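Subject: A structure for you to explore

Hi there,

Here is the structure I promised to pass on. Have a look around, and then read on for what turned up in it.

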Amino acid sequence: MRKSTRTLLAAALVLGVASGPALAPAFAAAPPAAAASPASAPSSPDLSAAIAGLPRADATAALVRVGGTEGSWQGSSGVHDLETNAPADPAARFRAGSVTKVFTAATVLQLAAEGRIDLDRTARSYLPDLIPGRYATVTVRQLLNHTHGIPAAAMPGETVEEWYANRFVVHRPEEMVRSATAQPREFRPGTRQHYLNIGYTVAGLIVERVTGDTYEHQVERRILRPLGLRDTYFPGEAAEITGPYNHGYQTMRLDDGTTGLRDVSVWGTTDGWAAGDIVSTTADLERFTRALFAGRVVRGPLLEEMFTLPKVTDLKSGDPAAYSAGLSMKRLGGREVWGKTGGRWGYNAAVASTRDGSRTLVYSVNATDAKGQDMNRTALTLMVAAYGLPA
């Protein structure tokens, strides 16, 4: 794919996943890509090509599921780890990052349907002891669609090496909210959009306040158990992934001063919490995506909150808002595609679907620069193969 095409699509998708490093490490011979049911697959040659040849500079493994009424396809490629060079486990768990926000938004909207949360009420009315007066007008809806104007919480470190050194630090959600709301607001609530984690951290705390229960248990009771998502869980303070997983690697400065790949599979995610700490599988996320778009997770009129973009512009780019409650939207291949990506160090993930559920996409890419500024090449080519280029 030409670099100009990659740049165009990466800018258009606003997906927050990463490009690989310029110099490829010396990889062992890559296992062949494994694919299932290619005969009925939508664009299966393109999908196979998108993940062929792993590991390479930008990714060490990829797991993919495409489904919907237009056909299905499953594929995996790459390695379980760079030490053994064993093939990637297609059923492996992975860190799904900001895909967590879809679960959080759905939980809040369920509570709204029950009359326990009012989307037009202020966050401060639910958390008067935590939200200060300067953010008194921020509503629950604005938390979910990133129009709240609350800045990011201050976090230790400015480089990946510093963040890696702090990977076991435990971050409390209340402390992150206090850090964020102690700062001046970025804009008047409801006037711009800025995609940040902090709104979902506040939303998770509101879930706990109105239910008297933990956020994690509410998501489990409302979504994970009813849908049978047995391989999806919240890690809490545990830095390791429970169960089988393919190792994630990150390009960074190593102990000997050289730049190379470090295994970053063990890394605490308490900084993400309700905005980005969930662990899942492609099978579970496909089941969740199909149920969500079919109206079986959030029911009735409140589901439209997930498919309604606020009529504001992005704070940084000036483009029209791209994020709704839990999802984002772009036109690919001539139709609307709604979904959410997520990035944790060593892991990129995404869920996506056409509005009618005719084509769904779920992937996990073990990206070597999973939180970079540009979109990962493997993830990018998967999105193009599944849906086509932006208009």
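Let's start with one side chain: arginine 377 has a relative accessibility of 35%, so it counts as partly exposed. Please keep in mind throughout that this is a predicted model. Arginine 377 forms a salt bridge with aspartate 58, at 3.6 Å from N to O. A network of salt bridges links Arg56, Asp58 and Arg377.

How many salt bridges are there? The count comes to 15. Here are two others you can look up.

- Aspartate 231 pairs with arginine 93, and their closest N and O atoms are 3.3 Å apart. This pair also links distant parts of the chain, 138 residues apart: aspartate 231 is in the loop between helix H9 (215-227) and strand S6 (249-253), and arginine 93 is in the loop between strand S3 (73-78) and strand S4 (94-97). Aspartate 231 is partly exposed at 33% relative accessible area, whereas arginine 93 is buried at 13%.
- Aspartate 255 and arginine 262 form a salt bridge with 3.2 Å between the closest N and O atoms. Aspartate 255 is exposed, with 75% relative accessibility, while arginine 262 counts as buried at 16%.

Now for the aromatic rings. The whole structure holds nine aromatic pairs. In one of them, the ring centres of tyrosine 164 and tryptophan 267 are 5.6 Å apart and the planes are at 70°, so this pair is edge-to-face. Tyrosine 164 belongs to helix H6 (residues 160-165) and tryptophan 267 to the loop between strand S7 (259-263) and strand S8 (278-280), which puts them 103 residues apart. Tryptophan 267 also pairs with tryptophan 345, this time stacked, with 5.7 Å between the centres and 25° between the planes. Tryptophan 345 lies in the loop between strand S11 (335-344) and strand S12 (347-354), so the pair ties together parts that are 78 residues apart in sequence. Are these two tryptophans buried or exposed? Both tryptophan 267 and tryptophan 345 are buried. Ring pairs join Trp163, Tyr164, Trp267 and Trp345 into a cluster.

Arginine 355 lies over the face of phenylalanine 307, 3.7 Å from the ring centre, and the charged end of lysine 101 sits over the ring of tyrosine 200, 6.0 Å from its centre.

Next, the inside. Which residues touch the most other members of the largest nonpolar core? They are Phe103, Ile223 and Met306, in a core of 74 residues. Helix H3 (residues 100-113) gives the most to this core, with eight residues. A second, separate core has 26 residues, including Ala50, Ala59, Leu361 and Tyr363.

Finally, the overall picture. The protein chain has 11 helices and 13 strands. Of its 391 residues, 57% count as buried. Among contacts between residues at least 6 apart in sequence, 72% join residues at least 24 apart.

Enjoy exploring!

Best wishes

Key. Residues are numbered from 1 along each chain as its sequence is written. This is a predicted model: local features need pLDDT of at least 70, side-chain atom pairs count only at pLDDT 80 or more; totals for chains, interfaces and linings use all residues. Side-chain values use heavy atoms; hydrogens and water are left out. A nonpolar core is a set of buried Ala, Val, Leu, Ile, Met, Phe, Trp, Tyr and Cys residues joined through side-chain atoms within 4.5 Å. Buried means under 20% relative accessible area, exposed over 50%, partly exposed in between (1.4 Å probe, protein chains only). Helices (H or I, at least four residues) and strands (E, at least two) are DSSP runs, numbered from the N terminus. Contact means heavy atoms within 4.5 Å. Rings of Phe, Tyr and Trp (its six-membered ring) pair if their centres lie within 6.5 Å; planes under 30 degrees apart count as stacked, over 60 as edge-to-face and the rest as tilted. A charge sits over a ring if NZ of Lys or CZ of Arg is within 6 Å of the ring centre and within 35 degrees of the ring normal. A salt bridge is a side-chain nitrogen of Lys or Arg within 4 Å of a carboxyl oxygen of Asp or Glu.
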